[in-house]
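Dear colleague,

Please find below the structure that I am handing over to you.

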Amino acid sequence: MSEVVKLRKGLNIKLKGSAEKVLEKLPTPATVALKPTDFQGLTPKLSVKADAEVKAGDALFYDKYHPEIVFTAPVGGKVVSINRGERRKILEVVIETSEKAGSVEFKKADPSTLSSEEVKEQILKSGLWSFIKKRPYGIIALPDEQPKAIYISTFDTAPLAPDFNFIVDGNMDTFQTGVNALAKLTEGKVILGVNADSTFTGVKNVEINTFEGPHPAGNVGIQIANTKPLNKGEVVWTINFQDVLFIGRLFKTGKVDFTKIFALTGSEVAAPKYYQTVLGAPVASLTEGKLIDAGYKQRIISGNVLTGTKVKKQCYIGFYDSQVTVIPEGDEYELFGWADPGFGKFSATKTFFGKLFPKKEYTLNANLHGGERAFVLSGQYEKLVPMDIMPVYLLKAILVNDIDKMEQLGIYEVVEEDLALCEYACTSKIEVQKILREGINTMIKELG
Amino acid sequence: MKFIKNFFERTEPLVQKGAKYSWLGSVHEGFFTFLFVSKDTSKSGTHIHDFIDLKRTMSIVVLALVPALLFGMYNVGFQHYKAIGELASTGFFGIFLYGLLKVIPVIAVSYIVGLGIEFVFAQLRGHGIHEGFLVSGILIPMIMPIETPLWMVALATAFAVILGKEVFGGTGMNIWNPALVARAFLFFAYPAQMSGESVWVALSSTDKVIDGFSGATPMANAAAGHLNYSVADAFFGFIPGSIGETSAFAILIGALILIVTGIGSWKIMVSTLAGGAVMGLILNAASGSEALSAANQVYFSMPFWHHLILGGFMFGAIFMATDPVSASQTEKGKYIYGFLIGILAILIRVINPAFPEGMMLAILLMNTFAPLIDHYVVAGNIKKRMKRAKISA
């Protein structure tokens, strides 16, 4: 049964530098890396030592508490370094890629002909399990849990987000194979969220819900909340659209193929477009020589401007990200900035004259535009979260560490990205996503 | 402006914790961020942030208050010259100038005392100076009768900032609207000086008033059973009253600014006015009752909407009830909160002989109950979630 849901709450932030629909294929980068820090709450244990030769699909590290969940090399080669941070925390496992290394052989079969145990085993062994996340909490799914359903959003409404219709072009059968494999993992359904101009409406073996409205309509959490909201004790799984393609290719070819398309976007990119490279590629392989020559600092973000991670050029792109955004850092003083009439300023509020020009695309920088304060204004967050949830009260429950209240106010239904707009718009500059993650971590610790 | 920026940047290390002038830290930060929006960039979470901050929010409220304040100044002069019978012979600017000179000292005292205390608290607590008092500092003078002695303004401001706000933790933490705390403090501490007929019109001891002059507000007259004001005067504000509260027209201009920018909650404004109107209608319906005194029968029968333009009702509804910190914070709660303020304000105003004005008390009372209203609204959300869980289980 499919539903059409119109969402009114939310906000589209129009930024300069959306990717032109042109795909450039990049050569395999010299190094790739997996970063255990990309996985919330993971305690990694290494399976390889430095200097080991690995094939694509060989395990690099695994989850200490669920050893069956392994994280595999996206490309074959030699493990050149294992970078550690404070208290020997593993930050990066870097592989020097090599053409000759080859890849691990897995079963090549149509997943609909396999049993769900066989499908699960193949996905676990190939390292693709790490792409499946669970709600509540937004962490990697546990193989022994029974999800009520598996949700996939086929469009992204975040600022400058890549267009999945463009990325999937020519790969729809791979996507279908991936979906068929996922369907084996749940007794419920695989549920797709699509938008009005979607090319995903022909996918079979799924339930399709259509969503209209501004960001965060493309967030899978918002889609769940507006169709079958998650209750205490229930578990659903979610997976990003491009990661379904990895699963599809695994079953079609019997090999892991982590080829991935990234959108390079943002006002600081000379010619924003799409690039095909591989999971774990270095940031520099995308951005080197592609940014405008500016006299000021630029901020490179793995992901979008709302939920992404600030990275340096020598870092690697995040595991779950499918875009890299570059914006000005904006670490400059602004004379009487708070009193500016604001003709060129974008705001969620109506206190700037920029609001009179709704079609303009803006260059926004990373400046906070004000100091952090206590909660003063009310009603601001509610306008941006199309869910039946009270964000401020949930955050306050987290701040006072009241587990009962967190549960009652719906912490199981949200992850950071769902409340990211609140953090953007907050007059008091409160670190919404950080607080929410602390709350979720408390829940995991207390309730498991 | 570069040298100012350089000056602040150069002196920044000197006011850090442990440095020589660390006791100036908050003041330094306060002035620096007043002149220049800080260069701080996002460290966690979203990389972009809205241009709005608390300084801009508060400035917009102050901007919305300006029409009422300017008119208030004019009205101070207007009432003065009317009382001494020289209205016809004094020009517009003369009238305004008189009011300006009377009002400026009150504003100055309020800001100097209030900000002084804020600076000290910010430094003691080791945080920056918060902007809440920008609005309170202008609201306090606007709800004072013009003849309030300056020392009382200073005392009330100090009381409001310390016991009305800082003891709770500062901006964003207070339970009651600080400006109303100041007003209530004076009302109860110095009742003789804060009510009656002599405080509403600025007159020096040498001024000779015309025959038949009474400084009473139309509301006080109405309570005594005399409805002797013109509706136009009451709407545009040519009546005695606290400095900023008399002109419903000027206040509505401010309301427009608050609603268009979204800074003030239209839900609270509308529901407060609705509550007042409903209570006015109830009084109208009861006005024929034999049990009422003659004066009360007249007051009860006053057209219900006149309540909205007399006294501090409009000012309270637009600028006081909407204070986001002390008001109800849930969207549904705002309707209940505002409506009850309207009901209570008129109820206290008309029925209780001890208090000629009910708005201040109604808002303070509902400030107290706002968390309770919110509690039940939040409980409603929780209940819905729990019910949903049971159905699916």
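**Burial and overall form of chain A**

In chain A, 54% of the 448 residues are buried; a residue counts as buried if 20 or more other C-beta atoms lie within 10 Å of its own, as exposed if 12 or fewer do, and as partly exposed in between, with C-beta atoms placed from the backbone. Please note that this is a predicted model, in which local features need pLDDT of at least 70 and side-chain atom pairs count only at pLDDT 80 or more, while totals for chains, interfaces and linings use all residues. Residues are numbered from 1 along each chain as its sequence is written, and chains are lettered from A and ligands numbered from 1 in the order in which they are written.

Chain A contains ten helices and 21 strands. Helices (H or I, at least four residues) and strands (E, at least two) are DSSP runs, numbered from the N terminus. The C-alpha trace of chain A spans about 65 × 50 × 45 Å along its principal axes. Of the contacts in chain A between residues at least 6 apart in sequence, 69% join residues at least 24 apart, a contact being two residues whose C-beta atoms, placed from the backbone, lie within 7 Å.

**Sheets and domains of chain A**

An open sheet of seven strands runs in the order 1-14-13-12-15-10-11 in chain A, with mixed pairing; two strands pair if DSSP finds at least two bridges between them. Strand 1 (4-6) and strand 11 (139-140) of chain A stand at the edges with a single partner strand each, so one side of each has no neighbour in the sheet. Strand 12 (residues 150-153) and strand 13 (residues 190-194) of chain A pair in the parallel sense over four bridges, and A:Ile152 stands opposite A:Leu192 in strand 13 of chain A.

Strand 2 (residues 20-25) of chain A is hardly covered, for the count of buried residues among its six residues is zero. Strand 2 of chain A pairs with strand 17 (residues 273-278) of chain A in the parallel sense over four bridges. In that strand 17 of chain A, A:Lys273 stands opposite A:Glu20.

The domain assignment of chain A gives domain 1 (4-253) and domain 2 (382-447); such bounds come from an automatic or database domain assignment. The centres of domain 1 and domain 2 of chain A, taken over C-alpha atoms, are separated by 24 Å. Their contact takes 19 residues from domain 1 of chain A and 17 residues from domain 2 of chain A.

**Chain B**

Chain B has 17 helices and one strand. Its radius of gyration is 23 Å, close to the 21 Å that the globule rule gives for 393 residues, so chain B is as compact as a globular protein of that length. Buried residues make up 50% of the 393 residues in chain B.

Domain 1 (2-35) and domain 2 (54-380) are assigned in chain B, with 37 Å between their centres, taken over C-alpha atoms. The contact takes six residues from domain 1 of chain B and five residues from domain 2 of chain B.

The UniProt annotation "modified residue: FMN phosphoryl threonine", from an unreviewed entry, covers B:Thr217; UniProt positions are given in the numbering used here, feature names are shortened, and annotations may be inferred rather than shown by experiment. B:Thr217 lies in the loop between helix 8 (191-194) and helix 9 (218-223) of chain B. With 27 other C-beta atoms within 10 Å, B:Thr217 is buried. Not counting residues up to four places away in sequence, B:Thr217 touches B:Trp200, B:Ile239, B:Pro240, B:Gly241 and B:Gly311.

**Where the two chains meet**

In chain A, 62 residues are in contact with 50 residues of chain B. Helix 9 of chain A gives the most to the side of chain A that touches chain B, with four residues. Strand 21 of chain A and strand 1 (residues 36-37) of chain B pair in the antiparallel sense over two bridges, and B:Phe36 is the bridge partner of A:Leu335.

Yours sincerely

Methods: The radius of gyration is taken over C-alpha atoms; the globule rule is 2.2 Å times the number of residues to the power 0.38.
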